[in-house]
Amino acid sequence: MKTNKKTNKKTRLKYKIVLIIFIYNNLKELPIYFGKTAQLMRDISSKFLEIGLKSGFNLVEFPEIMPAELVDIKFLEEDWKITKPKSKDKFVLTPEITAFYASLLGQNPGLKELRKILYISTCYRENRFIQLGMESISSTLESDIQIVKSAIDFARNLGLEPELYVNDLTTLKKTTLDSGVSQNKVSSLLKEVDNQYLESVPERLKKIFYENKYPVMTDEFQEFLTAIPEAKLKTSLARGLNYYNAAKPRESTIIFEMYLQKIQVCGGGRYDGLMSSLNPILKNSDLDKGIGFAFGLERIVGGMQNVF
């Protein structure tokens with residue numbers, strides 16, 4: 001028994017050392033906040049928690065390490081993966097929460113508390129940052145409207161009026177195909193569009209982006225725009241994550257971003273099909289449709305300091 005305990009202790013120590021080296025090699029910054037900034041971050045998080053709980057969302061605490069296979073390829077490079085000692089399983093510091101949530105839901109499909117969640121989680125990409133997010137397992141236009149209104153209400157409770165940009169990813173993809181772009185090039189082209197690289201975009205499609213207007217919009221998307229008068233259509237908004245619109249959607253696939261003083265503070269959208277891509281048992285179930293958003297806490301603070 002003593003030998004096992006010593007072995008386990010050595011394994012845990014080795015894992016910690018691997019993790020420390022990984023953090024040191026891959027993160028550009030590990031910021032430390034203090035004084036008024038630290039207190040402001042605490043107050044904003046408390047307000048988010050209060051609003052989310054009152055709206056019927058359930059708090060979930062996510063770990064800062066997640067299985068590498070759950071991570072969107074956009075965030076993951078091979079040298080970001082770490083292997084647990086005495087195991088072939090690869091892990092990565094959590095870069096975002098939605099895919100982690102999808103996996104959790106797939107493993108616990110009977111837990112109703114997981115159908116509407118909120119989280120305040122530390123994430124890592126090039127830097128360490130904190131996300132404030134809400135996710136809702138639902139398939140209706142009403143749920144899309146509610147989730148976007150929740151994001152707006154939170155911002156207003158902080159005394160902010162950020163600019164809200166929205167798009168219908170289904171219409172964007174159809175319009176891209178209609179402009180002559182082949183099916184296998186749509187995703188890569190839209191990533192360029194999302195980054196405002198328009199050189200390789202067909203002229204017909206460029207006109208739609210410059211005029212910021214679709215030839216035709218679905219009734220569902222028009223109803224959404226009517227319900228959210230603050231929303232501004234942005235036809236070039238594509239949201240680069242692979243899990244948006246993973247399955248055949250309703251008429252529209254809502255995606256959105258919020259900006260404060262030209263700083264993006266929030267992003268979100270509908271991700272039908274994500275749950276079943278991570279757990280095939282959920283395919284065609286009522287758990288395979290969802291929508292959510294996340295605010296960047298540090299970005300909110302940066303935006304507030306520019307405003308006030």
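The second largest pocket of this predicted model has a volume of about 210 Å³. A pocket is here an open set of points, on a 1 Å grid over the protein atoms alone, with protein on both sides within 12 Å along at least five of seven lines; a cavity is a set of points where a 1.4 Å probe fits but cannot get out. Grid points are joined across faces, edges and corners, and a volume is the space filled by probe spheres set on the points. Lining residues have an atom within 4 Å of a point. For the second largest pocket the lining consists of Thr170, Thr171, Lys174, Thr175, Asp178, Arg204, Ile208, Pro215, Val216, Met217 and Thr218. These residues divide into 4 nonpolar, 4 polar and 3 charged, where Ala, Val, Leu, Ile, Met, Phe, Trp, Tyr, Cys and Pro count as nonpolar, Asp, Glu, Lys and Arg as charged, and the others, Gly among them, as polar.

At least two lining residues come from each of α5 (169-178) and α7 (203-211), and α5 gives the most, with 5 residues. Helices (H or I, at least four residues) and strands (E, at least two) are DSSP runs numbered from the N terminus. Two packed helices are described by the angle between their axes and the distance between the axes. For α5 and α7 the angle is about 145° and the axes lie 9 Å apart. Axes are lines fitted to C-alpha atoms, for helices over the stretch in contact, and angles run from 0 to 180 degrees between N-to-C directions. In this pair, Leu172, Thr175, Thr176 and Asp178 of α5 meet Arg204, Leu205, Ile208 and Phe209 of α7, contact meaning heavy atoms within 4.5 Å. The residues of this contact divide into 4 nonpolar, 2 polar and 2 charged.

Helix α7 also holds lysine 206. This lysine counts as buried because its relative accessibility is 15%; buried means under 20% relative accessible area, exposed over 50%, and partly exposed in between (1.4 Å probe, protein chains only). Apart from neighbours within four places in sequence, lysine 206 is in contact with Leu198, Glu199 and Val201.

Leu141, Asp144, Ile145, Val148 and Lys149 in α4 meet Glu220, Glu223, Phe224 and Ala227 in α8. This contact comprises 5 nonpolar, no polar and 4 charged residues.

Helix α3 (residues 98-107) is mostly covered, with 8 of its 10 residues buried. Among them are Phe100, Tyr101 and Leu105. The buried residues of α3 pack against β2 (65-67), β5 (116-124), β6 (128-137) and α9 (274-278).

The structure holds 1 cavity of 30 Å³ or more. The space in the largest cavity is about 50 Å³. Its lining is made up of Phe154, Ala155, Leu158, Leu160, Pro162, Leu260, Val265, Phe295 and Ile300, which divide into 9 nonpolar, no polar and no charged.

The protein chain as a whole has 10 helices and 11 strands, and 49% of its 308 residues count as buried. Of the contacts between residues at least 6 apart in sequence, 72% join residues at least 24 apart.

Residues are numbered from 1 along each chain as its sequence is written, and side-chain values use heavy atoms, with hydrogens and water left out. In this predicted model, local features need pLDDT of at least 70 and side-chain atom pairs count only at pLDDT 80 or more, whereas totals for chains, interfaces and linings use all residues.
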